[in-house]
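Please look at the sequence and the structure below.

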Amino acid sequence: MRPLLERLKSSPNDDAFLADLGNRSYDHQAWSRAVEYYRRSLQVDVDTANGRTELRTAIRYRRDLWGA
C-alpha cells in the first residue's frame, strides 16, 4: 500500500489513479475510503459516468441512502 500512497502524493490529480484507488477500496469493502477516492476522481473529471455510479453504490453500501 505504501507505493500507492507515495504515488498519490506525487500525482494527487490523476483521475484514473484516484478511481483505481476507489475500486481497490471498494473491493475491500472500505466504503468510506472508496467514496473519498471516487469523489476526488470526479472533481478532476466530472464526465465519468462509471465513476458516478461507483460512488453512489459505495455510498449505498455505506448505508447512507440519502447521500446516494
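## Overall fold

Along the sequence, the chain runs in the pattern α-α-α-α. In this predicted model, the chain contains 4 helices and 0 strands.

Taking contacts between residues at least 6 apart in sequence, 35% of them join residues at least 24 apart.

## Helices α1 and α2

Helix α1 covers residues 2-10 and helix α2 covers residues 15-27. The two helices pack at an angle of about 150 degrees, and their axes lie 11 Å apart. Angles over 145 degrees count as roughly antiparallel, so α1 is roughly antiparallel to α2. The crossing of α1 and α2 is left-handed.

Which residues make the contact between these helices? On the α1 side they are L4, R7 and L8. On the α2 side they are F17, L18, L21 and R24. By type, the residues of the contact of α1 with α2 are 5 nonpolar and 2 charged, with no polar ones.

## Burial and surface

How much of the chain is buried? Of the 68 residues in the chain, 29% are buried. A residue counts as buried when its relative accessible area is under 20%.

The chain has an accessible surface of about 4,800 Å². Carbon and sulfur atoms account for 46% of that surface.

Technical notes. Residues are numbered from 1 along each chain as its sequence is written. This is a predicted model: local features need pLDDT of at least 70, side-chain atom pairs count only at pLDDT 80 or more; totals for chains, interfaces and linings use all residues. Side-chain values use heavy atoms; hydrogens and water are left out. Axes are lines fitted to C-alpha atoms, for helices over the stretch in contact, and angles run from 0 to 180 degrees between N-to-C directions. Angles under 35 degrees count as roughly parallel, over 145 as roughly antiparallel, 65 to 115 as roughly perpendicular and the rest as oblique. A crossing is left-handed if the near helix is turned anticlockwise from the far one by less than a right angle, and right-handed if clockwise. Contact means heavy atoms within 4.5 Å. Ala, Val, Leu, Ile, Met, Phe, Trp, Tyr, Cys and Pro count as nonpolar, Asp, Glu, Lys and Arg as charged, and the others, Gly among them, as polar. Buried means under 20% relative accessible area, exposed over 50%, partly exposed in between (1.4 Å probe, protein chains only). Accessible areas come from the Shrake-Rupley method with a 1.4 Å probe; for residues, only the protein chains shown count as cover.
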